[in-house]
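Thanks for coming. I will go through a few local features of one structure, so please keep it open while I talk.

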Amino acid sequence: MSAEAGAAENSPAPRGAEGFTGLANTSSTPEDAPGPPGARRRDLWLHILRSSTSPKHLWSPLIEGVLGSLLVLFGSLGVGWLVSSSPLSRHPWLIVLRTEPAGVVASTIALTLGCWIMLRAWLRLSRVLEDPDPRQHWPARSLRMVNWAVVLWSIPQLITVPIFSRDVFAYLNQGRLVLAGQDPYTTGVSSLNNWFHLGTDILWAESETPYGPLFLWIEAAVMRTAAESPDLALFLFRLACVGGVVMMMIFVPKLARLHGIDPARAQWITLANPLLIISFISSAHNDAIMVGFALAGIYAAARGRGVLATLLVVVSIGIKPITIVLLPFIGLLWAGQGASWARKFRYWFFTAGLAAAAMITIGLVQGYGFGWLAVLAGTGTGSVYWSPIGIADGWLGTLLRSVGLDSGWTLEVFKAAGRIVSVAVVLWLMFRGSDRFIVQRMVWAFTALVVLSPIIQPWYLLWLLPLFAITGIRKDWQFKWVVFTIVFFLAFGASDQLSIYQFLQLDQQMLALSITVSWFAIVWLALVDRQTRWVVWDDWGLPPMRWEWPRRRRREPLTSVESGARADPRDPADPTGEERPSGAR
């Protein structure tokens, strides 16, 4: 039996099914005849790996996700980032978790395991909601249940100690800079007293803020309200990010419907996955606000409300200037399908003029002018090893050093090349492409800026994921790539920034422990768990291939009967090909 037949038989089971009842088709054909024993055994193992089950009840993955979220909350109390001046740091039970080796080990395991339980719940939720017919949308109640999942899984994260990143502590000191009358676009937080004790990473000591002018107002408002309470400030920043997540919950389904995409599935891919919940709520990244306003602006533009769309995107730019790349495509949406080039240029002018007027007004009122433009001029220092620029720089640098040549120039060259190529891609997509796919062109322009940057943080994926979800992510290798990326960044985030007191000397041990737990969880979910391994084994959408091992043909010796059968005068075994006399030997 070939792998094509196995793929047909081992497709995902209908909802509520407990697996498969057979390996072969009921109607037998010559092609379906049993093969060699080795091939049958291989097909059996393929069937076992591909077979899966679905949750029996809808509440099962919901409760499992809450359990995983609570484990993340518990783990954050031991290895999350806590300000030393926080009253929480003086509670006896929390001191045990943070200062005793047993407490740190238990917290590390709980945090990492909780992430994977949330991922399992996310995958199982789709199995219980999806329609057995892949061509059909999920049932009408599915969107409501996905929203419930997002809410239930997010509630524990509202009170977690910050994990995966401590950028939120930079927000605290940047807000203090604004209140002190200093310019965060020219001054680092080290100019403030007690900046280090408020948890800010030393990388921010002399660094200018990469955020837009509107977020500086949010930072100042939070610090003015929180006064001397860092815990209250963190909670207020988290509430602001929750507001961005709520905006995403509103506009992702709306945009999906406009594109003919299943709104419940788009919401599930975007909002319910644990990487977004942890990065946007637990870590309190302001990217949630940026993405929320960007989606609102895209929806307004798609509905023909160009002025509102431009202003909403300006708010997004005011949080993080990277979304300025959306403006040309907002102008195209405003111009409408089938617009002439004269009309497109006219609406580009309207969009750019309105956005510039709004940003100039903000700069004049705020007093920082256009300092935020300096954010767009650079792409940060250094690189990460998983970015294309980081990979290229690593390979070329290693090659040059191996032959004794200088490699200090390679990163700057690749960074410059990345900027040039990304701008070229954006310009190409502005002028080329069907008017029916303006949002798709916008997505790829945004993707070019992100992918060709030397720094790609885990939460940068969440800038792009909603845009890809609303324009369609197929269930084949496309969705598998999304899962792979989420899995990679979950494993990285769970182990990357653990707050462990130096006197314990457990930093490297806890890093190794978290990675070990992640590997065990990944192997279990991919190979063992019958409710999640479908992600690896089903619906690749690739050309079929056979699993049988190639065999070498061997020439068998001729028997006397076969030799006699070749007495034909035109025997093909005769090298001369000539007719022999009847009596010839």
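Please bear in mind that this is a predicted model.

I start with helix α11, which covers residues 274-282. How many of its residues are buried? The count is 9 of 9, so the helix is mostly covered, given that buried means under 20% relative accessible area. Among them are P274, L275 and F280. After α11 comes A284, which has a positive phi, near 60°.

Next, the salt bridges. The whole structure has 10 of them. One joins R120 and E64, with their closest N and O atoms 2.7 Å apart. This pair links distant parts of the chain: R120 sits in helix α5 and E64 in helix α3, 56 residues apart. E64 has a relative accessible area of 13%, so it counts as buried. E64 and R120 also belong to a network of salt bridges with R124 and D529.

A second salt bridge pairs D435 with K344, at 3.3 Å between the closest N and O atoms. Here D435 lies in the loop between α18 and α19, while K344 is in helix α15, 91 residues apart. Both D435 and K344 are buried. R127 and E130 form another salt bridge, at 3.3 Å from N to O, and both of these residues are buried too.

Last, a glycine. G397 is in helix α17, residues 388-402. Its relative accessibility is 1%, so G397 counts as buried.

Key: Residues are numbered from 1 along each chain as its sequence is written. This is a predicted model: local features need pLDDT of at least 70, side-chain atom pairs count only at pLDDT 80 or more; totals for chains, interfaces and linings use all residues. Side-chain values use heavy atoms; hydrogens and water are left out. Helices (H or I, at least four residues) and strands (E, at least two) are DSSP runs, numbered from the N terminus. Buried means under 20% relative accessible area, exposed over 50%, partly exposed in between (1.4 Å probe, protein chains only). A salt bridge is a side-chain nitrogen of Lys or Arg within 4 Å of a carboxyl oxygen of Asp or Glu.
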